Amino acid sequence: MPEPLKNLLHEALVGDMADRIGGNASAFDRDRFVTLATNGLTALELMERSALIRDALFATLPDDFREAAAILMASLPATGGPGLSGWMLLPVNQFIAARGLDHFDLGLDLLKALTPHFTAEFGIRQFIHRDQQRALAIISGWVGDPDRHVRRLASEGTRPRLPWAMRLPQLVKDPAPILPILTALMDDPEDYVRRSVANSLNDVAKDHPDMVAAFIAAHIDAASPERRWLLKHASRTLLKKGHAQALANFGFAATASLQCELRLVNGEVMFGEGLDFEIRLTNAGEVPQSLMIDYAIHHVKGDGSLSPKVFKCKTITLAPGQSQTIERRHAMRPITTRRYYPGKHRIAILVNGAETASESFVLVMPSADPG
């Protein structure tokens with residue numbers, strides 16, 4: 001079994017934090033910090049542990065944020081030297097987000113300095129929430145920073161729906177203010193940064209599909225392979241939903257004279273095994289067709305209704321009169337993000353966003369061991 005995430009913050013790490021802060025502040029009460037930060041630590045989950053350590057920083061760093069910031073800045077790793085790094089900096093993020101808002105520029109400067117050693121994407125969101133215009137004006141200046149982590153922070157930290165972090169409701173409602181940041185980073189030399197841009201655009205697409213489809217259309221002409229990958233990854237939610245403009249951006253027009261046959265190899269699936277199926281596509285038209293093939297499994301929910309989940313399958317081009325058969329197995333096994341129920345499920349084939357064939361199958365749950 002993998003180690004629980006909560007164990008990333010542990011008593012030995014607290015001791016190391018105390019040593020590294022204490023080395024830069026003679027008045028820092030190391031023993032009090034360790035006592036406060038470890039009292040009941042093992043009973044807590046990850047973010048609760050981080051909050052406990054943050055509270056210990058509240059109690060032991062100077063009340064004046066400028067003094068506390070100077071200590072934390074000095075405690076970051078020097079070139080090749082020890083310092084606050086890795087998961088130690090999660091509670092530091094929380095400390096800055098709570099205490100630094102009244103020292104806006106200094107707080108953001110500290111988060112910028114922190115991010116090469118962990119990430120500051122959680123900390124900067126409080127600043128954006130407090131004063132979006134002021135925060136984005138500062139963050140926009142990071143897009144040309146020589147450090148790739150700082151550039152990524154400009155896109156990742158401003159994502160409207162960043163996982164594990166507070167949402168930014170103003171940007172969920174109107175994401176236009178972050179589009180210049182994403183545009184500036186779209187051709188970044190680091191894949192690490194470009195992936196963040198794609199994920200941010202995909203976030204925006206969940207609330208503003210037409211805006212993102214239009215953005216993609218405006219930036220896809222003569223795109224490099226790297227940019228084209230980014231734009232397609234940014235469109236993944238739109239493509240799965242069959243958004244017409246998003247499909248057209250990548251050459252997937254509405255299908256015409258296309259024949260699609262779906263055959264289930266096994267119409268009854270034992271949980272823990274898989275659904276085997278074949279898709280046969282024939283272009284009965286007179287022009288080549290570019291086809292993006294997905295499939296949706298309509299899972300039975302606890303109330304008996306069906307809930308679809310779309311999965312990627314394959315992208316092909318069929319010449320006039322050409323046929324192609326695709327074989328797939330979809331595993332029906334335990335995962336942490338879904339609870340399975342027995343009964344009649346459905347599989348639907350989606351070609352360029354449109355459902356073209358479907359069949360039902362039965363999921364059977366194993367009986368309980370009588371022993």
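Start by selecting C313: at 13% relative accessibility, this cysteine counts as buried, in a model that is predicted.

How far is the sulfur of C260 from the closest cysteine sulfur, in C313? The gap is 10 Å, too far for a bond. C313 is in no disulfide, and the structure as a whole holds zero of them.

Next stop: helix α1. Select residues 11-22. These 12 residues reach 16 Å from the first C-alpha to the last, close to the 16 Å expected at 1.5 Å a residue. Which residues of α1 are buried? Color L13, V14, G15, M17, A18 and I21 to see them. Then bring up what covers them, which includes α2 (30-38), α3 (46-60), α4 (65-75) and α5 (89-99).

Last stop: helix α13, residues 209-219. Highlight V212, A213, F215, I216 and H219, which are buried. What sits on the face turned away from the buried side? There you'll find the exposed residues D210 and A218.

To finish, show the partners. The buried residues of α13 pack against α11 (179-185) and α12 (191-207), and also against α14 (225-234), α15 (236-240) and α16 (244-249).

Notes:
Residues numbered from 1 in each chain as written. Predicted model: local features only at pLDDT ≥ 70, side-chain atom pairs only at ≥ 80, totals over all residues. Heavy atoms only, no water. Buried < 20%, exposed > 50% of the residue type's maximum accessible area, 1.4 Å probe, protein only. Helix = DSSP H or I, 4+ residues; strand = E, 2+ residues; numbered from the N terminus. Contact = heavy atoms within 4.5 Å. Disulfide = S-S within 2.5 Å. Expected span 1.5 Å × (residues − 1).
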